[in-house]
Amino acid sequence: MFGDIVGGHHTTSGAMMWLAKYLTDLPRIQTKLRSVLHETLSTAREEDRLFTLEEIRRAKIPYLDAVIEETLRINAVTVTREALCDTTILECPIKKGTQVFFVSNGPGFLSPSMPIDDSKRSPTSHAAKLNATWDETQDLTLFNPERWLVRKNDGGGLLADDVDFDGAAGPQLVFGLGPRACWGRRLAYVEMKITVAMLVWNFRLLETAPALSSHAGLEGIARVPRQCYLRLCKL
């Protein structure tokens with residue numbers, strides 16, 4: 001249990017540090033997010049107060065979900081699993097006890113997918129509909145939250161009436177998948193959603209000096225930035 005608490009603290013805090021850096025570097029996205037929060041939580045905005053826990057918990061804010069998901073995509077770490085029985089992956093034999101590494105920061109994540117002969121895929125792979133709309137012609141190294149949104153009308157709005165968040169739109173392994181996926185996933189999302197919303201609601205994140213703005217990372221339980229300095233302007 002202690003290991004889970006330490007691991008959860010390290011991964012979630014690391015993700016929020018990356019998110020703060022992206023919002024600082026990309027003021028257009030920061031402004032969009034703030035506008036969406038103000039319009040969605042309009043009662044709190046009109047009363048000139050911070051939203052309540054219940055308000056943010058119940059609110060449907062697909063753009064905020066997309067900002068978080070894009071942060072996790074760009075800074076994912078490799079997931080490992082041990083084969084519990086002899087099996088095959090793309091016709092390659094995998095012996096029981098083999099450690100299989102799912103590299104989630106290479107082709108398919110930050111660059112176009114490697115070509116795969118469909119005849120080698122399993123029936124369940126053929127039946128899956130995941131990532132059917134993922135556009136790999138875009139630059140996958142760029143931070144673009146709108147990759148995760150499905151438009152519901154012809155307008156350009158980003159509120160819940162305009163778009164839906166699709167967490168299965170693209171490849172994502174940061175929490176693992178299946179019965180052994182991270183059991184703290186929902187808690188991590190709630191923590192990030194509340195913390196990021198409070199930060200953007202109360203402050204404008206201003207550009208920091210280049211010497212304090214490196215995007216170099218440290219690999220551990222999660223990939224975390226070597227530097228995370230913020231320059232804030234109270235709103």
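Rings of Phe, Tyr and Trp (its six-membered ring) pair if their centres lie within 6.5 Å; planes under 30 degrees apart count as stacked, over 60 as edge-to-face and the rest as tilted. By this rule the structure holds four aromatic pairs. The model is predicted: local features need pLDDT of at least 70, side-chain atom pairs count only at pLDDT 80 or more, and totals for chains, interfaces and linings use all residues. Residues are numbered from 1 along each chain as its sequence is written, and side-chain values use heavy atoms, with hydrogens and water left out.

**View 1. Tyr22 and Phe143 form a stacked pair.** The ring centres are 4.6 Å apart, with the planes at 20°. Tyr22 belongs to helix H1 (residues 2-25), and Phe143 to the loop between H6 and strand E5 (149-151). The pair therefore ties together parts that are 121 residues apart in sequence. Helices (H or I, at least four residues) and strands (E, at least two) are DSSP runs, numbered from the N terminus. Tyr22 is buried at 10% relative accessible area. Phe143 is buried too, at 10%. Buried means under 20% relative accessible area, exposed over 50%, partly exposed in between (1.4 Å probe, protein chains only). Trp18, Tyr22 and Phe143 make up one aromatic cluster.

**View 2. Trp134 and Trp148 form a tilted pair.** Centre to centre, the rings are 5.1 Å apart, with 55° between the planes. Both residues lie in the loop between H6 and E5, 14 residues apart in sequence. Trp134 is buried at 12% relative accessibility. Trp148 is buried at 0%.

**View 3. Lys234 lies over the face of Phe203.** The distance to the ring centre is 5.8 Å. A charge sits over a ring if NZ of Lys or CZ of Arg is within 6 Å of the ring centre and within 35 degrees of the ring normal.

**View 4. The whole structure has zero disulfides.** Cys92 is in none; the nearest cysteine sulfur, that of Cys85, is 16 Å away. A disulfide is a pair of cysteine sulfur atoms within 2.5 Å. Cys92 is partly exposed, at 44% relative accessible area. For Cys228, the closest cysteine sulfur is in Cys233, 18 Å away and too far for a bond. Cys228 is partly exposed at 28%.
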